[in-house]
Amino acid sequence: MSTDNQDSFIVEGKLALPYQYFAGETGSSFLISIRDEKKIKGLKCEKCDKVFVPPRSTCERCFSDISKNWVELKNSGTVTGFTVIRYEEPYQPVKPPYILAQIKLDGSDTPITHIIKGVPLSKMEVGLKVKAVFAKKSTSTIMDIDHFRPGGSKPKIELGYSYDELEVGMSASFTKTISETDVYLFAGISGDFNPMHMNEEFAKMTPFGTRIAHGALPQSLIAPVLGMKLPGLGTVALEITVRFKAPTYFGDTITATGEIIEKLEKKRWVRMSLNWTNQKDELVAEGFALVIPPTPLPEK
Ligand SMILES: [Zn+2]
């Protein structure tokens, strides 16, 4: 039988090779401080001003002996690259799928490789701030750092729209039904127990013929618009003016809306028109606001 010009049979297989090696003086010292002190150390070359983690006894740039020049690092860092492990193999530290990332610890110039937990695979991104979570039970290996999880030294806060992102015409709303409980709680907050809000029999004698909410109650519904939607988290309100147009009755559903009408270039403030409507689309109140949009938090 000839095998010329015929497909060859390929049998695929995998070899698992158990092995061990001596971590060496440098590697041992590194692992011991993680195990016993929960501290991650690196070696620094003063000449090159570089910190190596995992540590190496010789500087990779100038070949100086730096084996005694230990520096302590923070247990936090930044993801510089990552992959998602989806295949299963013996000896994996955790069950796939999991994220294996390059993490540059704060104060280090080289990354270490470790596992990231606590982030959905779809949300994983380069630049993520992470911190080390140490294992409860030691194995005297790098797995004494159990994993890294999100949460650097500065929390990631999603601020609202900055001055530059805001455009005239952008608008946002918040809607809520005003209940008797809301009115009663608001009376407690403000100290305004006026019987026109509290006492139905008294209220029958007023021009409204029934109890109405405090004017400031529907008015306050603009706060979630400015502070949480437009411009959003980080906004500072400088001025809010309101003109009341119609009463808010118990059970009314009020929609507070803010719209950007002017950008004040010099101050980097924005002016907004405000309106409050009820479920019948009647105008309950209208006004204006002057706000400072969020500015990025200073780096720590
Ligand atoms: Zn060097």
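**Notebook: strands, shape and domains**

I began with strand S7 and found that S7 pairs with strand S8 (residues 145–150) in the antiparallel sense, over five bridges. I note that this is a predicted model.

Which residue in S8 is the bridge partner of lysine 131? I recorded arginine 149 as that partner.

Next I turned to strand S4, residues 76–85. S4 and S7 (residues 129–134) run antiparallel, and three bridges join them. As an example of facing residues, I noted glycine 77, which stands opposite valine 130 in S7.

I next looked up the protein as a whole. How many helices and strands does the secondary structure of the protein come to? I recorded six helices and 13 strands. The radius of gyration is 32 Å, whereas the globule rule gives 19 Å for 300 residues; the value is well over the rule, so the protein is more spread out than a compact globule. Along the principal axes, I noted a C-alpha trace spanning about 100 × 65 × 40 Å.

I also looked up burial and contacts. Of the 300 residues, 24% count as buried. Among contacts between residues at least 6 apart in sequence, 60% join residues at least 24 apart.

My last entry concerns the domains. The domain assignment gives domain 1 as 24–150 and domain 2 as 171–292. How far apart do the C-alpha centres of domain 1 and domain 2 lie? I recorded a separation of 53 Å between these centres.

Methods:
Residues are numbered from 1 along each chain as its sequence is written. This is a predicted model: local features need pLDDT of at least 70, side-chain atom pairs count only at pLDDT 80 or more; totals for chains, interfaces and linings use all residues. Two strands pair if DSSP finds at least two bridges between them. Helices (H or I, at least four residues) and strands (E, at least two) are DSSP runs, numbered from the N terminus. The radius of gyration is taken over C-alpha atoms; the globule rule is 2.2 Å times the number of residues to the power 0.38. A residue is buried if 20 or more other C-beta atoms lie within 10 Å of its own, exposed if 12 or fewer, and partly exposed in between; C-beta atoms are placed from the backbone. Two residues are in contact if their C-beta atoms, placed from the backbone, lie within 7 Å. Domain bounds come from an automatic or database domain assignment.
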